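Subject: The three-chain model, with notes

Hi,

Here is the structure I promised to pass on to you.

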Amino acid sequence: MLRTRELTKRFGAHVAVDAVDIDVRPGTLHAIIGPNGAGKTTLFNLLSGELRPSGGSIEFADCDVTRLDATSRSHLGMGRSFQRTNVFPKLTVFENVRLAAQSRTDQSFALWRTAASLPAVNARAEAALEEIGLLGHRAQLASELAGGDQRLLELAITLATDPVLLLLDEPSQGLSPEDARRLIDRIGALAARYTIVLIEHNMPLVMGLSDEITVMNFGRILAHGTPAEIRADPAVRAAYLGKTA
Amino acid sequence: MSGLVEIQLLNGIVQGMIYALVAAGLTLIFGMLDIPNFAHGAFYALGAYVAFTVVAATGNFWLAIAVVPLVVAGLGLVVDAFAMRRLARAGHVYQILFTLGLVLIAQEAIVLIWGANPTSVDVPRALDGGVPLGVVSFPYYRLFLVAASALVIGAVWLALERTKYGAIIRAGIDDPEMVACIGIDVQLLFTIVFGIGVGLAGLAGALILPIRGGQPAMGNELMATSFAVVVIGGLGSYLGAVVGGIFVGLTQAIMTILYPAASEVAIFAAMALVILIRPQGLFGKR
Amino acid sequence: MTRFAVLVVVVALAPLVLHYPELETQILTFGLLAVAFNLLLGEMGFLSFGQATFNGVGAYVAANALIAAHAALPLALLAGLVAGGASAAVIGALAITGRGVYGVMLTFAFNEMAYYIAFQWRDVTGGDNGLRGIPSPALFGLSLDDATRYYYFTAVVVLLAFAALLRIIDSPFGAVLRAIRENEDRARAIGFRVRRYKIAAFAISGALSGLAGGLYAELFRFVPLQAIDLDTSTNVVIATLLGGIGSPYGPLLGAAIFTVLSNSLSHVWSHWPLVFGLIFCAVVLFFRGGLWGIADRWGRRAAHA
């Protein structure tokens, strides 16, 4: 589904991501973890298209996307979330999601239609809110939602773009433990329908959820395997578990 | 050679130093503090008029040059402390709009206090006369203007590059929270920088007064040109503002010789070219 | 819809109540300019500080079409509209290269450039004497050379343009503009080519501004250099903010009040801009919704009570 080869990003002399090979198989939830400064966020931005790689390649669904920008990748079916809550604050929850659904149509330059009455778009938006459990908040302004709900809305926006692959960047960042748990449960439910790449700092959260885990440190891949293998890996324990646990 | 071309070029440098002073102040405020100050030209005009009043009252132009930057900087401190900070959270658009209101107030206040007619002062007596150049001569005062501007621009540059506070200002721009942790009142520091920035504009207004005189709309005319200077030099680059200012002054002078009708348009054409070829400006980063 | 109906009635009755059809026509053309400006500011979140550029381009093109090409009035207005839109698309494309404030600066600087071009290009613009000799308005053989008749002609055109704009605001395209205003990066991430939408919005805003310019040129059969100068751009910004950027009706209200005040107060006290500047600063600091925002709040409170 998603494959990187020798993916590298340099910032001056600093190599943030160093020749990383990752294979995300269809239908799996693949977590990328690592301590702060391991290069996770840089890797994520390379995958989503926010950053241009210094070397290597990215393939998505057998298509070389290395040179495509974020907008094009979104249209290919790579949907991303953001580490900080990133919604349209002064629009309603429904409008937030409707915009995302509208982006999949060819109606966005239509000047003579009414945005609120595109049936297919409305249906898609409602489905995304339903899926994420926010339908009850549809008329509220996004900025008025609680922090955890805003993060869910962020996810609903991404879902409404009909992605094949979800790229989630530290979704639990800054959430209370209960909210983080709630969000992770939602992500677990989504894993049945989407291929997911989840970047996460909070390792215990992803252990029970992931099919495969890649551990990064100093821009390189330290280990790769199932949660059980990762838990048993001495190098991972030394670099990561040892520090946080 | 009659010296006329040389005079034109020298005049271009004189005008360029004025642009450099104004744009250096603008770049401190705009590029480093990230405050869109559309009233920068109004501070320039106020500088000229305050200088006029000081000269009228005391007959001493040197005193005017010393007093004007302080008075204008003081006004800047008030504006920043009372309005710009408050509006920072509302966003840039509202900061622009507020400074736009200031332009209206300043322009009309000038008419009310000093009248709508142009004002002027004589060149200080010590600088009467000029350097002979062919059939014409180049006034000493203009040489003084270039030297004084260069001195002030250099002093501010040294303060930015070589002092602890300069380092903090530059660091504060990258990471205000980090600097706040060191225990420095960043807000106060930024307010002072705002004051210095508009003070430079005020000084430029005072320096140009004996050459061009003052008129209420002088700030507005300067504003668009100094935006072009900042875009050409690179937003946020102090060096870029200075080089851009001299470049624009010289371009105007050369165009005045070659094709006067296009001397103003040429600057904006140069600006458009820079945007297309090098959007970050000649000396801008990124 | 009801608001629009009220607007139509007000516009239709205005000349019967106040007998200054020229002033009222000016309100309409300036109002259209403000509404066009607010498509960029209120909907897309971009402060265009060069709206007079497009107004002036439209006025000069329409006027020259009438003078030199003896074009029919609708055709001349259409030419002004197209020219305004084209100039705005070009300047918009250049201005949005940089983010935020940088773009505002560029629209401002390009306005000054346009002003100098108009100032120098006397054959087309008349320079600082203004462009004279525009033939009196006529529509399919019917003379509009009467202030009240021309007012009603302008009213129909402006109301149609305004209705079109309301439609655009409610369209999927308008929704994308609001997405850009609220969060440009997120809009890009969900797949919108933000740059294209911005340029299109500039073109629409410029087209309506060009139309306003054409209507204005025919009003006094004269295009002053002020039609394209920065003071006019500034006035558009001030009037719009005074009226309120939160609704398309706000700029219309602001334009009406601004035009009336600047025409009447300048006779009373020549330094009125001083007071105006103070009021404006107060609006920016304390009443960001403008007059329409205040009226809206009262209206809602009354509805609740």
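Let me start with a question: which element gives the most to the lining of the second largest cavity? Please keep in mind as you read that this is a predicted model.

The element is α4(B), which contributes four residues to that lining. The second largest cavity holds about 40 Å³ of space, and the residues around it are A42(B), A45(B), V103(B), A106(B), Q107(B), I110(B), P216(B), G219(B) and N220(B). Three helices of chain B, namely α2 (40-58), α4 (92-114) and α9 (218-233), each give two or more residues to this lining. Sorted by class, the lining has six nonpolar residues, three polar ones and no charged ones.

**The other cavities**

In total, the structure holds five cavities of 30 Å³ or more. The largest cavity has a volume of about 50 Å³. Its lining draws on chain A through S48(A), E50(A), A70(A), R73(A), S74(A), M78(A), R80(A) and L167(A), and on chain C through A189(C). The largest share, three residues, comes from α2(A). Here the classes come to four nonpolar, two polar and three charged residues.

**How the chains meet**

Two pairs of chains are in contact, and chains B and C share the most contacts. On the chain B side 39 residues take part, and on the chain C side 37 residues. Together, chain B and chain C bury about 3,600 Å², and carbon and sulfur atoms give 85% of that area. How many salt bridges cross the interface of chain B and chain C? The rule finds zero there.

For chain A and chain C, the contact involves 32 residues of chain A and 27 residues of chain C. The area buried between chain A and chain C is about 2,500 Å², with 63% of it on carbon and sulfur atoms. On the chain A side, F88(A), F109(A) and L111(A) lose the most area to chain C, and together they make up 24% of what that side buries. Between chain A and chain C the count is two salt bridges. If you want to see a salt bridge that links these chains, go to R193(C) and D69(A), where the closest N and O atoms are 3.3 Å apart.

Chain A and chain B are not in contact, and their closest C-alpha atoms lie 12 Å apart.

**Salt bridges overall**

Over all chains, the count comes to 22 salt bridges. One of them is within chain C, where the side chains of R178(C) and E43(C) meet at 2.8 Å, N to O. This pair links distant parts of the chain: R178(C) sits in helix α8 (residues 172-182) and E43(C) in helix α2 (residues 21-43), 135 residues apart.

**Strands and turns**

In chain A, four strands form an open sheet in the order β2-β1-β4-β5, with antiparallel pairing. The strands at its edges are β2 (14-24) and β5 (63-64), each of which pairs on one side only. Strand β4 (residues 55-60) of chain A is joined to β5(A) by two bridges, and E59(A) stands opposite D64(A). The loop between β4 and β5 of chain A contains D62(A), which has a positive phi of about 60° although it is not a glycine. E6(A), in strand β1 (residues 2-11) of chain A, is also a residue other than glycine with a positive phi, near 55°.

Chain B has a hairpin for you to look at too. Strand β1 (residues 130-133) and strand β2 (residues 136-139) of chain B run antiparallel and are joined by four bridges. L133(B) has V136(B) as its bridge partner. Two residues lie between the strands of this hairpin, and G134(B) takes a positive phi near 65°.

That is my list for now. Write back whenever you like, and enjoy looking around!

Best wishes

Technical notes
Residues numbered from 1 in each chain as written. Chains lettered and ligands numbered in written order. Predicted model: local features only at pLDDT ≥ 70, side-chain atom pairs only at ≥ 80, totals over all residues. Heavy atoms only, no water. Pairing = 2+ DSSP bridges. 1 Å grid on protein atoms, 1.4 Å probe; cavity = no way out; pocket = protein on both sides within 12 Å on 5 of 7 lines; lining within 4 Å. Points joined across faces, edges and corners; volume = space filled by probe spheres on them. Nonpolar A, V, L, I, M, F, W, Y, C, P; charged D, E, K, R; others polar. Contact = heavy atoms within 4.5 Å. Buried area = accessible area lost by both parts, 1.4 Å probe. Salt bridge = Lys/Arg side-chain N within 4 Å of Asp/Glu carboxyl O.
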